Amino acid sequence: MGNEQHILQRISKAFYFQLQSSHIFQFFFFVFGLTFGFVACLHLKSFLVSLQAPTYPTLPPISSTVTQASHTTPPPPPALELLLSSFVESVNGTSNYARVSLKKQEFLTHNMSDQELFQNASMVSQTELPGRQVPKVAFMFMTKGPLPFSLLWEKFFKGHEGFYSIYVHAHPSFNDSEPEDSIFYGRRIPSQPVYWGTSSMIDAERRLLANALLDISNQRFVLLSESCIPLFNFKIIYNYLMDSHLSFLGSFDDPRKAGRGRYSPQMWPLINITDWRKGSQWFEVHRDLAMHIVSDTKYYPIFQKHCLMPCYMDEHYIPTLANMLYSEFNSNRSITWVDWSRGGPHPAKFGWGDITDEFLNQIRFGSTCPYNENTTSICFLFARKFLPITLEPLLRVAPLLLGLEP
């Protein structure tokens, strides 16, 4: 009897030990499975993100021949789906700036003064994008009112969402709005009146730059007017700008009365006559130079005080600033074509009868210029001044010349 009880106790202990071992094994198996699943999810998420963040294809080196330049275009990039995002800047503890992107429309509103706007833009100091963000070109339109070529620009931007941003500075009295399905819908920034030949033109340019700088993905900045048109399709223009480390800003020493003759000795010693430069108002700059234009409090007040008509700030302030601060990173040429051959204070305007294949191709390929230590026949990416009546013939020739959909 005693032996049987002893045997039963041994069997009971063995069974109990086996049961405990099974529970421990199951517990470790559960922990292992949970850890494996977590790691697998992270890898899967990384893999999906890599699939959803395409890079823009790069054009081969731009040839100086017309045939290669006009026919070598990469396939269009897949459109990026815009995510719900917001950016909030606070001044004295109150939210005064918000940008919210919903679906494919982005709405800009803020109640900042120019000083607050420039200060906030200067704080966004990144010149290189973090992670896998796609660099964008900021297209900044300074207009009096409507955009007569909005249909042409719609075709130009179509299919390239995520590679560009749009900002519009219109006269504050202009109340018309774009249709909700337009790429220009909700893209107006708070503005002030602009008067030709005064510092208010530079103020508008700095407002556009400051609003665009708040988005760190904007790496190149193009200033355009309502009379500007694109001369090439989006892919060529995007790669032309992104593949260059230089800004495209006209800045030259003009010894004539209309150049050095506008310099005021009262600008000395901060600005010497040897620093003085002249150039086109319509520029394209990289992010670093844009930051300095917006944050400048040293030279701007001097221009504002001493560059008065017949000295025009829009022709001298940024060209001189670029010459003093970033001359080695500037191409010293504009990429916006304009015709001054007829003389006078304003460039030539173009109407319906001017829009021909020959005329536009002459602008597109009629000159040569340096680009990335090579020579190219593509020197101008945009052109002005085109009258609103030219929209119809421009849309007619756009498929052939610009490679746009009819």
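Analyst: Lysine 305 is exposed, with a relative accessible area of 61%. This residue is placed in helix α8 (residues 300–306). The model is predicted: local features need pLDDT of at least 70, side-chain atom pairs count only at pLDDT 80 or more, and totals for chains, interfaces and linings use all residues. Residues are numbered from 1 along each chain as its sequence is written, and side-chain values use heavy atoms, with hydrogens and water left out.

User: Why is lysine 305 called exposed?

Analyst: Exposed means over 50% relative accessible area, buried under 20%, and partly exposed in between, with a 1.4 Å probe and protein chains only. Lysine 305 has 61%, so the residue counts as exposed. Its C-alpha atom is separated by 9.1 Å from that of methionine 267, 38 residues apart along the chain.

User: What makes α8 a helix?

Analyst: A helix is a DSSP run of H or I with at least four residues, a strand is a run of E with at least two, and both are numbered from the N terminus. α8 spans residues 300–306. Overall, the protein has 11 helices and 12 strands.

User: Which residues of α5 and α7 meet?

Analyst: Arg206, Leu209, Ala210, Ala212 and Leu213 of α5 meet Arg287, Ala290, Met291, Ile293, Val294 and Ser295 of α7. Contact means heavy atoms within 4.5 Å. The buried residues of α7 are Arg287, Leu289, Ala290, Met291, Ile293 and Val294, and they pack against α3 (114–123), α5, β6 (218–225), β8 (284–286) and α9 (313–325).

User: What makes α10 oblique to α11?

Analyst: Their axes come within 11 Å and cross at roughly 55 degrees, for α10 (residues 357–365) and α11 (residues 391–401). That angle makes α10 oblique to α11. Asp357, Leu360, Asn361 and Arg364 of α10 make the contact with Leu394, Val397, Leu400 and Leu401 of α11.

User: How do you know that β5 is mostly covered?

Analyst: In β5 (residues 164–169), 6 of its 6 residues are buried. Tyr164, Ile166 and Val168 lie on one side, with Ser165, Tyr167 and His169 on the other.

User: How do you know that β4 and β5 pair?

Analyst: Two strands pair if DSSP finds at least two bridges between them. β4 (residues 136–142) and β5 run parallel and are joined by 6 bridges, so they pair. Methionine 142 stands opposite histidine 169 in β5.

User: Why do β7 and β9 stand at the edges?

Analyst: The open sheet has 3 strands in the order β7-β12-β9, with mixed pairing. β7 (229–230) and β9 (336–337) each have a single partner strand, so one side of each is left without a neighbour in the sheet. β7 pairs with β12 (residues 382–383) in the antiparallel sense over 2 bridges, and alanine 383 in β12 is the bridge partner of isoleucine 229.

Terms used: Axes are lines fitted to C-alpha atoms, for helices over the stretch in contact, and angles run from 0 to 180 degrees between N-to-C directions. Angles under 35 degrees count as roughly parallel, over 145 as roughly antiparallel, 65 to 115 as roughly perpendicular and the rest as oblique.
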